[in-house]
Amino acid sequence: MASALAAKMGFTSLRRKQAKNFSVRISTMESDMEFGCEVKWKGKDLFDLVCQTLGLRETWFFGLRYNIKDTVAWLKMDKRVLDQEVPKAEPITLHFLAKFYPENAEEELVQDITQHLFFLQVKKKILEEEIHCPPEASVLLASYAVHAKYGHYDPNVHEPGFLSQEELLPKRVTNLYQMTAEMWEERITACYAEHRGRTRDEAEMEYLKIAQDLDMYGVNYFLIRNKKGTDLLLGVDALGLHIYEPDNRLTPKCSFPWNEIRNISYSDKEFTIKPLDKKTNVFKFNSSRLRVNKLILQLCIGNHDLFMRRRRVDSLEVQQMKAQAREERARKQVERQRLQREKQLREEAERARDELERRLIQLQDEAHMANEALLRLEQTADLLAEKAQIAEEEAKLLAQKAAEAETEMQRIKVTAIRGQEERRLMEQKMLEAEMLALKIAEESERRAKEAEQLKQDLQEARESEHRAKHKLLEITSKAIYTSPGLLSDSMPPDLSFSRENLSFDFKDTDMKRLSMEIEKEKVEYMEKSKHLQEQLNELKTEIESLKLKERETPLDIIHNQNSEQGTSKHSNFKKLTLQSTKSRVAFFEEL
């Protein structure tokens, strides 16, 4: 079987030697590219071709990585591609990734493409939880990632639900809280809205500035053992070497900055570190495999070189790149300001147009209402004219009746005067009749007296008395006169006529048109150095009550303890390096 495998490998090697070219697929954080390479090409030839294709000049941060068994390796620049342990199947797949991380992204990253590739790689590591990120920082980073993708926040465009298909938060964070996707989106959108005025490049840089303060940012971890055989983790990053306990990748137990290290070497699985202080003994540790030692050495050499490079004057190439970058940023700033002014003028013009359209619609509505009101007024005027005509005819009729009533009143007055004269005459006759009756009564009394005197001679005077009574009765029947009933004055009721004056008062409605000045929307952004921690604390306070404590991971618990103690990545590094190198080496060997 071994002979067959050797024969197969020999055949493959022979076929490659016969072939003049081979194909390579380069996978970047954004896309895949395929290249045809010559057999004699070294790693640097392929790497330079990829950088040239991407327009990347800050090549010292990047490398071509490939998978080998259960670990990874980086393509060596000074060795032929096909002579390395790259995958045998064509096209050979290599990953173009950041191999070394900057200490300060804002100061070191010059090109936009460099910044963008770092942004994509760091975001992927955070989402895949290769870099531990606390929940409040995850929300803020997600808001910058949204800004980098969608640009300025516009509530008319970015309506609720527009982030439903986006992967923005680590699953560990979403599982840690009793919050729906809508609640997370609401908080991310609230932060996103505060970033107005930033460009996409600035949003990516803000993302990196926050991410670089995370404890696991830019650290490569490897399992090692010290002299005592204790299992530990070695962390290699831009600042130096760090020793961790296996269950705590956030807080190193001791650290060794690159400026304290004079030499690094390995022999088989044993790794040797020589401190710069010659009085300090070398310290050693063992890794699991030889291949891991090779990887550790590559990362140590590269990070050490960049560490020393940062502390020297920039090379002419870097100075030129930074000058070009400053010019480009200034040009972009001027262009952005011009576009901002144009956008502002356009928005003002659109608002003025919308206002004019609104006023036009309002005027049209008012004109329509005025036409309807005019139509109603015309109908009302016609009705009032008819009523006025009827009222005029009624007035004529009433005037005629009033004239007739006046004539009747005159006639009644004449009749009343005539009746008054007749009444006066009747009253006079009644008075005369009363006087006559009084006289007759007196005469009757006298006659009665005479009758009384004649009683004595009854026999003689009976006939005379009979005649006297007969005569008295005749006189009485003729004298008594009953007067006719008086006419009662029956005045006809007064006939009164009143006519209302009909009038119509039409009042024109004043149409008030308010012209409002458009206020320019100005959003002031707070400097990260002053307000970032306050923003993170505010986010933490908002969601703290919804946390499920039982779902916290060991790293979450360690991070919370560090936060309560006020320990950060940089403060802890400074604290650890205050001790002498000798004491730290001794501490490492006693772990």
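Analyst: Helices are DSSP runs of H or I with at least four residues, strands are runs of E with at least two, and both are numbered from the N terminus. On that basis the protein chain has 15 helices and 12 strands. The model is predicted: local features need pLDDT of at least 70, side-chain atom pairs count only at pLDDT 80 or more, and totals for chains, interfaces and linings use all residues. Residues are numbered from 1 along each chain as its sequence is written, and side-chain values use heavy atoms, leaving out hydrogens and water.

User: What makes strand S6 and strand S12 a pair?

Analyst: Two strands pair if DSSP finds at least two bridges between them. S6 (residues 220-225) and S12 (residues 283-287) have two bridges, so they count as paired, in the antiparallel sense. Arginine 225 stands opposite asparagine 286 in S12.

User: Why are S9 and S10 called edge strands?

Analyst: The open sheet has seven strands, in the order S9-S8-S7-S6-S12-S11-S10, with antiparallel pairing. S9 (254-257) and S10 (261-267) each pair on one side only.

User: How do you know that helix H9 packs on the sheet?

Analyst: Contact means heavy atoms within 4.5 Å. Helix H9 (residues 290-310) touches S6, S7, S8, S10, S11 and S12. Its direction makes about 160° with that of S10. Such angles run from 0 to 180 degrees between N-to-C directions, with axes fitted to C-alpha atoms, for helices over the stretch in contact. Helix H15 (residues 581-590) lies across S6, S7, S8, S9, S11 and S12, at about 135° to S9.

User: What makes a residue buried?

Analyst: Buried means under 20% relative accessible area, exposed over 50%, and partly exposed in between, with a 1.4 Å probe and protein chains only. Of the 591 residues in the protein chain, 33% are buried.
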